[in-house]
Amino acid sequence: MSFKSLGLSEALLKAIQKKGYTTPSPIQQKAIPPVLLGADVLASAQTGTGKTAGFTLPLLHLLSENPKEKYRPIRALILTPTRELAAQVYANVREYSEFLDIRSAVIFGGVNQKPQAATIRQGVDVLVATPGRLLDLESQGLLSLKRVEIFVLDEADRMLDMGFLRDIERVMKLMPAKRQNLMFSATFSKDIKKLANGILRDPIQVEATPENTTVDAINQKVYRVAKAKKTALLLKLIIDGQWNQVLVFTRTKHGANNLTKKLVGANIPAAAIHGNKSQGARTKALAGFKSGKVNVLVATDIAARGLDIPLLPHVVNFELPNISEDYVHRIGRTGRAGAKGEALSLVCTEELGYLRDIQKLVGMKIPSETLEDFEPDPNEPTEPAKQGQGRGRNSGGGNSNTRGKGKASSNKSSNNSNRNKSGNSRRSR
Ligand code: AMP
């Protein structure tokens, strides 16, 4: 199948060619036709599958087909959970609309609102936004959503995780009832399905990969290790493997800062990216990472959402996430759009319960090994000391996924895991 056969306009085909894409990815093949037909679409797609182009290309096609008015109201709204994702989606919109008469803008918090308001005042067809700043500018009368024809809710699962449900509901009330709705989510919980019912009308459901499974192209591995030796093991992996671009996940902002300091102390160019960093610092860290000046980017889950780093070869879970779905998001940073990637997890004894839940979610046993001198510490506790640090998860979100209900996974390599019985109760959401 080609992009041309999907019915996209010449101007879009030219932009696609410029990007170097030859074939539409599976989610693009499935999502683009129904969007072009004007249908509401509910898409299950992981990061890295090409989902952004999956909604942006047909959206731009539809907008450019319809006549524009001199005064340009916002006709398409793309809502994303994080600033980074908003910036990334906007960059894509810009690239794909290069040969179209379409104006776009991005707005998010943490930066001065004045330039954003000024851009919108000049007329914008496509607005990419995070919920807070969008509602803020709207309440000041600086933008109107009354003419929105197409609404895209990107990474809906993360939106709920971050407590944006009320904001989404408020945004929906500001748009006309008659509009096309597209909703994308990597994982599908009951809450997501409920949200979809509230937003979408007779949606066409498309799926690029089975629900809640990890991308096949990713080579996953677990290193069982003593907690106190994780930093040394990471250094060894980076140095022995001569890695020059690795994304490392920690569970907390504090952990990210600490690890970054240690890496820099070991002469490995590293930078941290997390919610306490200013937008400028985040942008700089990401730019350094992309350009190769920074070899290791240490990130927390929320900060890492939406980072678009094509062909990222290595992702390391320095700590496993206490929410299994985050594992899927994290490792989706590698093996992007068909490229081969490696996702390694450094797992100490207290994290074995998390590992078990993750394996249930992804439906596979992740191969595990132990390196000499980095063996797990037999005296380590089997439960995490404290819980819920760092993520600042909102209080509202009830957990609705089904983890913990399946049979215990067979466990050849992590023989401590069945000491760790209270899997589900550990997690607060
Ligand atoms: P996304 O899942 O939207 O974050 O996209 C992941 C990466 O795949 C981005 O770097 C895109 O530029 C790239 N990409 C999107 N569509 C295609 C395609 N059809 N062929 C090759 N790369 C693509």
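User: What pLDDT does the protein chain average?
Analyst: This is a predicted model, in which local features need pLDDT of at least 70, side-chain atom pairs count only at pLDDT 80 or more, and totals for chains, interfaces and linings use all residues. Residues are numbered from 1 along each chain as its sequence is written, and side-chain values use heavy atoms, with hydrogens and water left out. pLDDT is the predictor's confidence in each residue, from 0 to 100. At least 70 is scored by 84% of the residues, and the protein chain averages 84.

User: What is the strand order of the open sheet of seven strands?
Analyst: Strands (E, at least two residues) and helices (H or I, at least four) are DSSP runs, numbered from the N terminus. Two strands pair if DSSP finds at least two bridges between them. The edge strands β3 and β7 (204–207) each pair on one side only, and the twist averages 15° from one strand to the next. With parallel pairing, the order is β3-β4-β2-β5-β6-β1-β7.

User: Which residue of β4 is the bridge partner of L77?
Analyst: Strands β2 (residues 76–79) and β4 (residues 126–129) run parallel and are joined by four bridges. In β4, the partner of L77 is L127.

User: At about what angle does α3 run to β5?
Analyst: Axes are lines fitted to C-alpha atoms, for helices over the stretch in contact, and angles run from 0 to 180 degrees between N-to-C directions. Helix α3 lies across β2, β4, β5 (150–153) and β6 (180–185). Its angle to β5 is about 175°.

User: Why is helix α15 largely enclosed by the rest of the structure?
Analyst: What covers its buried residues includes β8 (218–224), α14 (324–331) and β13 (341–347). Among the buried residues of α15 are Y354, R356 and D357. Helix α15 (residues 352–362) is largely enclosed because the buried residues number 10 of the 11.

User: How far apart in space are G109 and R133, C-alpha to C-alpha?
Analyst: G109 is found in the loop between β3 (104–107) and α5 (114–121), and counts as buried at 18% relative accessibility. Leaving aside neighbours within four places in sequence, G109 is in contact with R83, T130 and R133. G109 and R133 are 24 residues apart in sequence, but their C-alpha distance is 5.2 Å.

User: Is Q242 buried or exposed?
Analyst: Q242 lies in the loop between α10 (230–241) and β9 (246–249). Its phi is positive, near 50°, in a residue other than glycine. At 68% relative accessibility, Q242 counts as exposed.

How values were computed: Buried < 20%, exposed > 50% of the residue type's maximum accessible area, 1.4 Å probe, protein only. Contact = heavy atoms within 4.5 Å.
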